[in-house]
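Reader: I'm new to this one. Could you show me how to read salt bridges in it?

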Amino acid sequence: MTDSKAPSKRPRKAASPAKAGDAQEGAARESAAHASVAQESDKTGADDSGTQGGAPNLSPREAAVEALMRLAAEQPWNDIEVSDIAREAGLTLAELRDLFPSKGAVLGGLTRIIDRKVLEGDLTGLEEEPTRERLFDVLMRRLDAMEPYKPALRRIAYALRGEPLSMLALNGVMLNSHRYMLAAAGIDTEGSLGQLKLQGVVIAFARVTQVWLDDDDPALARTMARLDKEIRNGERIMERAEDVRRLTAPLRAIGRSFLDRRPRDRRSRDGDGDESDPAAAI
C-alpha cells in the first residue's frame, strides 16, 4: 500500500509588467461582461409576466387585500389591526388610509378581485346553456377563484357569524358583487323582480359557501349538490313571484300614480365614495 499525500498547491508565477497589464485589462473586460449579463437577467426577470423575483407585481390595493388574507389565515379576525395590514403589505398607514377606510373595506376589496377573476374568465359558449346551467357555472367559477383564500375565509366567516351589523354590511357588498355574477350568467337584475333575484342569489350563495368552507373533497360533491338545490329552490320562488306580480299589477299602478304627485327628495348625496363603502361597517 502506498502512502497518499495531499497534492501540494502550485505556486502562482509572478507576471511580467507587460503581461500583468494585459491581465488586468482582460479581467476588467470580463467583469464588465458579467455585469451586463446580470443586468439583462434582472431586467428579464422583472419584465417576465409582470413579476419581480418570482413574486406577483401587485397594485397597492391588491397588496393590502392579500396581506389581510395572509393575516386572517393565521390569526383571529378580531386580533388584526389596520397597522398589521399596512406592515404586512409594505404600506404606510397614510397609504393604506388613502386606499381603504377600514379593515372591513379591505375585506370588501377581496370581492372585487374575485369578481375580476370570474369576469375575465372564458365565458365562450355559456350563453347557449339554459339559465340554470349558466348560473351554476358562474357561481362555481366564483368558488374556484375563492379557493386560495379558503383558510382565511373560514376564520373570517366564523368570527362574523355572531355580528349582525357586520353581516348586514357584508350583504351590501355581496349585492354589488352578485349583480355582475348574474349579468355574466345573462340574468336581468333591474326592476322589483330583479332585486328579488339579486337578494335571493346572495342568500343562496351564502348558504352554499358555508358548505364549501367545510368541503375538503377536491371534487366538491357536497358543494355542487347544495348549489344545484339552491338554484332549483330559487327558480320555484321566482315563479311564484311572477304570479304575484301579475296579480298585483293594478294595485301597483295606482300606487305609482300617488307617488308621482309627491315632491321628490332632492337631498345631495355627494361624498367620498370610499366612506360610503358598505364593507367599511364590517
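Author: Happy to, and we'll go through the charged pairs and then look at a helix. Keep in mind that this is a predicted model.

Reader: What is the general idea behind a salt bridge?

Author: When their charged atoms come close, side chains of opposite charge can pair. To count a pair here, look for a Lys or Arg side-chain nitrogen within 4 Å of a carboxyl oxygen of Asp or Glu. That rule gives 10 salt bridges in this model.

Reader: Which residue forms a salt bridge with Arg 132?

Author: That's Glu 235, and the closest N and O atoms are 2.9 Å apart. This pair links distant parts of the chain: Arg 132 belongs to helix 6 (residues 131-146) and Glu 235 to helix 10 (residues 221-247), 103 residues apart.

Reader: What about pairs inside one helix?

Author: The general idea first: an α-helix has 3.6 residues a turn, so residues three or four places apart point the same way. Now try Arg 141 and Asp 137, which form a salt bridge with 2.6 Å between the closest N and O atoms. They sit four residues apart in helix 6, so about one helical turn separates them. Arg 141 is partly exposed at 25% relative accessibility, and Asp 137 is partly exposed at 26%.

Reader: Where does helix 10 have a pair four residues apart?

Author: Look at Arg 232 and Asp 228, again with about one helical turn between them. Their side chains meet in a salt bridge at 2.9 Å, N to O. Arg 232 has 34% relative accessibility and counts as partly exposed, as does Asp 228 with 26%.

Reader: Which residues are linked in a network of salt bridges?

Author: Arg 207, Arg 226 and Glu 230 are linked that way.

Reader: Back to helix 6: how do I read its length?

Author: Compare the span with what the residue count predicts. Helix 6 has 16 residues and runs 23 Å from first C-alpha to last, close to the 22 Å expected at 1.5 Å a residue.

Reader: And which residues of helix 6 are buried?

Author: Buried means under 20% relative accessible area. In helix 6 the buried residues include Leu 135, Phe 136, Val 138 and Leu 139. Two arginines, Arg 134 and Arg 142, are also among them.

Key: Residues are numbered from 1 along each chain as its sequence is written. This is a predicted model: local features need pLDDT of at least 70, side-chain atom pairs count only at pLDDT 80 or more; totals for chains, interfaces and linings use all residues. Side-chain values use heavy atoms; hydrogens and water are left out. Buried means under 20% relative accessible area, exposed over 50%, partly exposed in between (1.4 Å probe, protein chains only). The expected span of a helix is 1.5 Å times one less than its number of residues.
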